[in-house]
Amino acid sequence: MGINWFKYSSPQAFHPLAGKMIPWFSVAAGLLIIIGLYIGFFVAPTDFQQGDSYRIIFVHVPAAWMSMFLYVIMAAWAGVGLGLNARPSFMMAQAIAPTGAMFTFIALLTGAMWGKPTWGAWWVWDARLTSELILLFQYIGIILLRAAIDDLRRADRASAVLALVGVVNVPIIYFSVRWWNTLHQGASVSMTASPKMATTMLTAMLIMTVGFWMYSFAVTLARVRCVILDRERQPMWGNQTSIQEVAEAR
Amino acid sequence: MKPRHKRFIFIGLGLLALAGASMLILNAFQKNLVFFYTPTAVANGEAPKGRGFRIGGMVEDGSLTREGDGLTVHFVITDTAKRVPVTFKGILPDLFKEGKGAVAQGQLGADGTFLASEVLAKHDENYMPPEAAEALAKAKSAAGAQTSSTLVVNPR
């Protein structure tokens, strides 16, 4: 049968496994991001219209993708947690939120830095930019709601419901450039059409995306370890405590 | 059916209801969510009257003229069906070019000229090295057809 995966649904078993995986993901993230940035900044050709300012897409687009992707993953963990009443799922959701918020902020910041020289404005209230800003508020709201409730079970459930409700915004962000007239351009890379950019540029962008994935894995696992230690500190399983001792400690 | 199945079904139904509700809301707000109006929409009277709005389209080839003061520019925004002349006093963004997309904010004057207070360049989704763009332009002029995917306008 191989590995019994359900074993790792217990925080006690998952904590050391996460610890073992973190170095691998960190190294992969570092290497991929260095390679991606190198190709993006030194190998990829300049753009025929924008010159060198387009190079911000090597950070902007992967960050924007991750901001949406991490939200969906976070909401999925929250949904699994609600369905199974499983603490580790809520812990994963809790651990993903700050990384997602960070990528959303990076996407907004780099977008503004690119918008000024290209469009002529730091910020416009078009559908794409506004919905991405709302995503940042959603992340912050979920983090704050969790922090505002002392009872962990209630905090888990409340923030999970909020995360699930907010998932409607993700397709809105993604399709906003197709559904409405926006200043933001349409997707250069999509699953349905061939990419509308030079191959080297695309390569660098995809390497950066995988690098950001690896980074997200590493950081989320590191954070979930802290969350586990923080939330399970009463049982003291770290030093092979018996069930009875745990019960007494509670 | 176990309780957890019930919970998952409840979550699923909740998400479905939410998706339905948000689709209705977005449909209702459809008009308010457009960032700019196309010249055709303006000609059809869809643009708001009496207050400012944004107009977007292609800058018509050969329509850009500069006045003596060097700041005031005139150009024509077109979506190939209708055209709207625009007057703007100020600095144009670097990527503002004839044959490329642009979005202007301002008010429609009585004479049908759009008085812009701000002009933004609308960038397209194509990224390529200059050599590739040159080759593409050559192939295009050889074919004699002038097409551009710079501005994708919703057919609504």
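**Close-up views of chains A and B**

**View 1. A:Phe48 meets chain B.** Leaving aside residues up to four places away in sequence, A:Phe48 touches B:Met128, B:Pro129, B:Pro130 and B:Ala133; two residues are in contact if their C-beta atoms, placed from the backbone, lie within 7 Å. This is a predicted model, in which local features need pLDDT of at least 70, side-chain atom pairs count only at pLDDT 80 or more, and totals for chains, interfaces and linings use all residues. Residues are numbered from 1 along each chain as its sequence is written, while chains are lettered from A and ligands numbered from 1 in the order in which they are written. A:Phe48 sits in the loop between α1 (11-43) and α2 (57-84) of chain A. Helices (H or I, at least four residues) and strands (E, at least two) are DSSP runs, numbered from the N terminus. With 19 other C-beta atoms within 10 Å, A:Phe48 is partly exposed. On this scale, a residue is buried if 20 or more other C-beta atoms lie within 10 Å of its own, exposed if 12 or fewer, and partly exposed in between. A:Leu145 lies 97 residues from A:Phe48 along the chain, and their C-alpha atoms are separated by 46 Å.

**View 2. Chain A against chain B.** Here 34 residues of chain A are in contact with 34 residues of chain B. On the chain A side, the elements that give two or more residues are α2, α3 (87-118) and α5 (152-166). Of these, α2(A) gives the most, with four residues. That side of chain A divides into 19 nonpolar, 12 polar and three charged residues (Ala, Val, Leu, Ile, Met, Phe, Trp, Tyr, Cys and Pro count as nonpolar, Asp, Glu, Lys and Arg as charged, and the others, Gly among them, as polar).

**View 3. The packing of α3(A) and α4(A).** The axes of α3(A) and helix α4 (residues 127-148) of chain A come within 9 Å and cross at roughly 150 degrees. Axes are lines fitted to C-alpha atoms, for helices over the stretch in contact, and angles run from 0 to 180 degrees between N-to-C directions. Residues making the contact include A:Ala101 and A:Phe105 of α3(A), along with A:Leu136 and A:Tyr139 of α4(A). By class, the contact of α3(A) with α4(A) has 13 nonpolar, three polar and two charged residues.

**View 4. Two loop residues with positive phi.** A:Asn85 is found in the loop between α2 and α3 of chain A, and its phi is near 55 degrees, a positive value in a residue other than glycine. A:Asn85 is partly exposed, with 15 other C-beta atoms within 10 Å. In chain B, look for B:Thr80 in the loop between β3 (72-78) and β4 (83-89). B:Thr80 is not a glycine either, yet has a positive phi of about 75 degrees. B:Thr80 is partly exposed, with 16 other C-beta atoms within 10 Å.

**View 5. Helix α1 of chain B.** This helix (residues 3-28) has 26 residues and reaches 37 Å from its first C-alpha to its last, close to the 38 Å expected at 1.5 Å a residue; the expected span is 1.5 Å times one less than the number of residues. The number of buried residues in α1(B) is zero, so the helix lies largely in the open.
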